[in-house]
Amino acid sequence: MRQFLPVEDLARDERFVQTNMAARLADKRSAIPVADKGDAPARKSSKSRGSNNRLTPDRHDASDAARGLMHGIMVGEIQALEGAGRTAHDFEAGDGSGDTIPFELKLDMARQAWDEARHVEISAKLSDWMGTELGEFQENTVLFEAACSNDPVLRLAGVNRALEGLAIDVFTQMKEFGQLADDPFLEFCEDWMLADEVTHVKMGSDWLRKVTENDPDRRTKALEFQQVVDKLFSFGGARSDSDESSFQLARRFRELAGFTDDEVATIAEMDLMALEERKAAVRAMQETASLDSTPA
Amino acid sequence: MADDTTSSTATESTARPPFAPWDRRDLPGSFDVAETARRVGNYKWTEMKLFEALGGWVATVPELDVKMRLGTHCYHHAWHAELWHKRLPELREMKPERLTVPANEAMERFIAAMTEPEAPELTIEKLVGVYRVLIPRFIAAYTYHLNNTSQITDAPTIRSLRHALDDEYADWCDGELMLQSLITTPEHVERATRHQAALEAIMVEAGGITGPGSIG
């Protein structure tokens, strides 16, 4: 077996359709409001709710949005399982320098693989409960790509801290969605998965600090990579403290997971910037559309 | 009346033999401390190679149920490796890495051959190596150790062996069920038996997980 597995070699059965993030987000059933020519920045119906885009049961598209999100969670968990498994495999046990990782970190990655396997089981059952067929929504493989780095520290930063951090935000939102929709089954499961994700993020935070203790350059690079992944996965501001975003930053759980106040503030600021950038892009698109439709 | 009770309690003996009649544990065992450490080091090395392989294969297997099982079993074997890692210093090996080695060169070759299949269409070969060759050997080596070590002096190893064996039996059963559901044609049977025979031959050369003497 090779030491590193490229993302294009991820094994899937024929039901899965893989795509890139832009195509995945362009799916009209997405929980994240999309905009294209003729649409408002968020969905037209959101006008009646002002600019609140939070994923709540009273959104007219709540059912599809929640189903799409749950399917996204499931494929994300599959990739997280694959990523943790690969990290347990790809690096020899050693002192953490070069191509090695500490033996205890390998054990933690194996533990994470088990946790992610349970999350796939949970989200597959929840998807079924919500009436979703496996493969009904497309899968983007960016999560596994973040888990493909040759430097294990970048994997910890990109996957455990950035992406599992995002999972904390999403699960918190889904748990709230379950409460509001009076669905104790959904709320119960999300709460359990949330507990695991906090553990994984904390694992990433602790190991990142430990492995780079005497290598500040490596730590800086890892944190920069984390910011890149964080920004990529803010989905143009789909996650931020603003009500215009679908998900909120789950500050309390992030603190439990080892994020410092400064780190949380940086992510919050980056999310808001991404939201503003996206709104500006949508405005520009609308202006172009309105010019195109003006009679000559 | 009260005096009688007091007097009867005072004369009742609390002296009991150190081993109750139902406790048949005995002192003699087949392995001294050094030999136990050597075996435990072989266990740790092999459990490590197994959990690494299972973790690596997760991404290469298209069958969703198999993918999830491999992720779960990956942790079981990592936990066994951790148990053995922690046992080594208790057996006077202060540098556990020194004894974290294969029993011999053939065992190393066995792991290389077992982990060779990577393509997504080779799930049968992957599972055969683990569940029809390696895990049965773990069950054999652990059971032999459990039944032959000193039941009193080596109680900590016995406790770990029992926990590990519990997992091995359950995983063996899971693996066999997955294989039986995948082997559905004569061609599949041929693939499974051919691969098993090739791996068994190397394992026989190795003599088992701890080398010759793995099961006595």
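Which residue lies over the face of A:Trp114? Select A:Arg118, whose charge sits 4.9 Å from the ring centre; a charge counts as over a ring if NZ of Lys or CZ of Arg is within 6 Å of the ring centre and within 35 degrees of the ring normal.

Before moving on, know that this is a predicted model, where local features need pLDDT of at least 70, side-chain atom pairs count only at pLDDT 80 or more, and totals for chains, interfaces and linings use all residues. Residues are numbered from 1 along each chain as its sequence is written, chains are lettered from A and ligands numbered from 1 in the order written, and side-chain values use heavy atoms, leaving out hydrogens and water.

Next, select A:Phe259: A:Arg254 lies over its face, 4.9 Å from the ring centre.

Now go to chain B and show B:Tyr43 and B:Tyr142. Their ring centres are 4.8 Å apart with planes at 85°, so the pair is edge-to-face (rings of Phe, Tyr and Trp, its six-membered ring, pair with centres within 6.5 Å; planes under 30 degrees apart are stacked, over 60 edge-to-face, the rest tilted). Both B:Tyr43 and B:Tyr142 are buried (under 20% relative accessible area; exposed is over 50%, partly exposed in between, with a 1.4 Å probe and protein chains only).

From B:Cys173, the nearest cysteine sulfur belongs to B:Cys74, 20 Å away. B:Cys173 is partly exposed, at 44% relative accessibility, whereas A:Cys189 is buried, at 11%.

Note on methods
Disulfide = S-S within 2.5 Å.
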